[in-house]
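Thank you all for coming; I would like to take a few minutes to walk through one structure with you. Please have a look at it first, and then we will go through some of its parts together.

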Amino acid sequence: MAIEGKADGVKHGRIRLGMVGGGAGAFIGAVHRMAARLDDRFTLVAGALSSTPEKAQASGRDLGLDPARIYSDYRQMAIREAKLKDGIEAVAIVTPNHVHFEAAREFLKRGIHVICDKPLTSTLSDARKLQALAAESDALFILTHNYTGYPMVRQARAMVARGDIGTVRLVQIEYPQDWLTDAVEKTGSKQAEWRTDPARSGAGGSTGDIGTHGYNLGAFVSGLELDELAADLDSFVEGRALDDNAHVLLRFKEKDGVRAKGMLWCSQVAPGHENGLQVRVYGTKGGLEWTQKDPNYLWYTRHGEPKQLITRMGAGALAEANRVSRIPPGHPEGYLEGFATIYTEAAEAIRAKQSGAALDPAVTYPTVDDGMKGMIFVDACVRSSKKNGGWVKV
């Protein structure tokens, strides 16, 4: 997790943004575009929105792009935009996982900043190559683990870091959904088709799609590093090639004399759960609980005392939470705002990188290294499950 921030002298104004993927019918592309616009830090000026030329052109026209900057191929887009005086400064990659590596490579090697959807890539070998490319490039690589952008998640992270719950002992993470309870990939659902296809999604199904979110969130809040895990992966829907449910035991590296333990359950076959992400962290002095369905609330319990409710911008809210809040207390902020926080942090980092300005350490965003940890997590889950849930090092 890179920690950077803004300073006087940083160039302001909207960042010229391109997009790869995200054409008509794509869910996450629209989310990225809304998030990029929310704080008025980006302007979409170019796109290779589909691998189908006709669809790419139609999608670009619908978004009001200049026809000359609507591309049918992301490599062509990277080459031309890098040569333009007013070419894109950053690109959002919102394709299925198997395209991430090749697309990111084309832009990174031309000095164009990359904002990429998770997981990092579809294979661990591609992830390692991308990590090396990002390290060599002058451009930044930002991964959109959007749940780290919620104010109360930032609050929880800050409280753990300053010792409010003592030394962490336990980390419990859940991320259940129900949308793949039936074989919807066989009914023409585009989102289900690629997410259940190993060639496009990678080795992990629910582990890669939502398990990486849960794992990233648990590590972000707790400040812990994973040491080893034991995973039991299932594909409950007959004929499904990738896991749709996973139970994972976690052992973290020792910190402050304690080797914390954890559990992660991710599922896409749990009827009644639309998007049940939650994280609970318990230490020697207390505990914290946050759930995505009530994102403006954080429950804090000092050991031996009644529970306390901390609300966004309310009593007890820290500067780390308030700096990423947008509207007055009592008004809900949610998914799009959390996503927008990552885009705004990216904008601050990009402008500072361009000007060479020093940064306030408040600005925080997931990097290629966080993406690498997610890929290693998925790989370890698959290896462990093949060993009948045996413990494997990460």
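Before anything else, please keep in mind that this is a predicted model. Let me begin with Ser384, which is found in helix 12, the helix that covers residues 368-386. Is Ser384 buried or exposed? Its relative accessible area is 0%, and because buried means under 20%, Ser384 counts as buried. If we leave aside its neighbours within four places in sequence, Ser384 is in contact with Leu229, Ala230 and Ala231, and also with Gly389, Gly390 and Val392.

From there I would like to turn to the surface, where Leu249, Met263 and Trp391 form a nonpolar patch, with about 260 Å² of accessible area together. Leu249, to take one of these residues, sits in strand 9, which runs over residues 245-252, and at 40% relative accessibility Leu249 counts as partly exposed.

My last topic is a sheet. In general, the strands of a sheet pair through backbone hydrogen bonds, either parallel or antiparallel. Here we have an open sheet of five strands in the order 3-2-4-5-6, and the pairing is parallel. Which strands are at the edge? They are strand 3 (42-48) and strand 6 (141-143), each of which pairs on one side only. On average, neighbouring strands of this sheet are turned by 25° against each other, with direction ignored. Within the sheet, strand 4 (residues 90-93) and strand 5 (residues 113-116) pair in the parallel sense over four bridges, and Val91 has Val114 in strand 5 as its bridge partner.

Conventions:
Residues numbered from 1 in each chain as written. Predicted model: local features only at pLDDT ≥ 70, side-chain atom pairs only at ≥ 80, totals over all residues. Heavy atoms only, no water. Patch = residues over 30% accessible without salt bridge, like charges linked within 9 Å, V, L, I, M, F, W, Y side chains within 5 Å. Areas by Shrake-Rupley, 256 points an atom, 1.4 Å probe, with all protein chains shown as cover. Salt bridge = Lys/Arg side-chain N within 4 Å of Asp/Glu carboxyl O. Helix = DSSP H or I, 4+ residues; strand = E, 2+ residues; numbered from the N terminus. Buried < 20%, exposed > 50% of the residue type's maximum accessible area, 1.4 Å probe, protein only. Pairing = 2+ DSSP bridges. Axes fitted to C-alpha atoms, helices over the stretch in contact; angles between N-to-C directions. Contact = heavy atoms within 4.5 Å.
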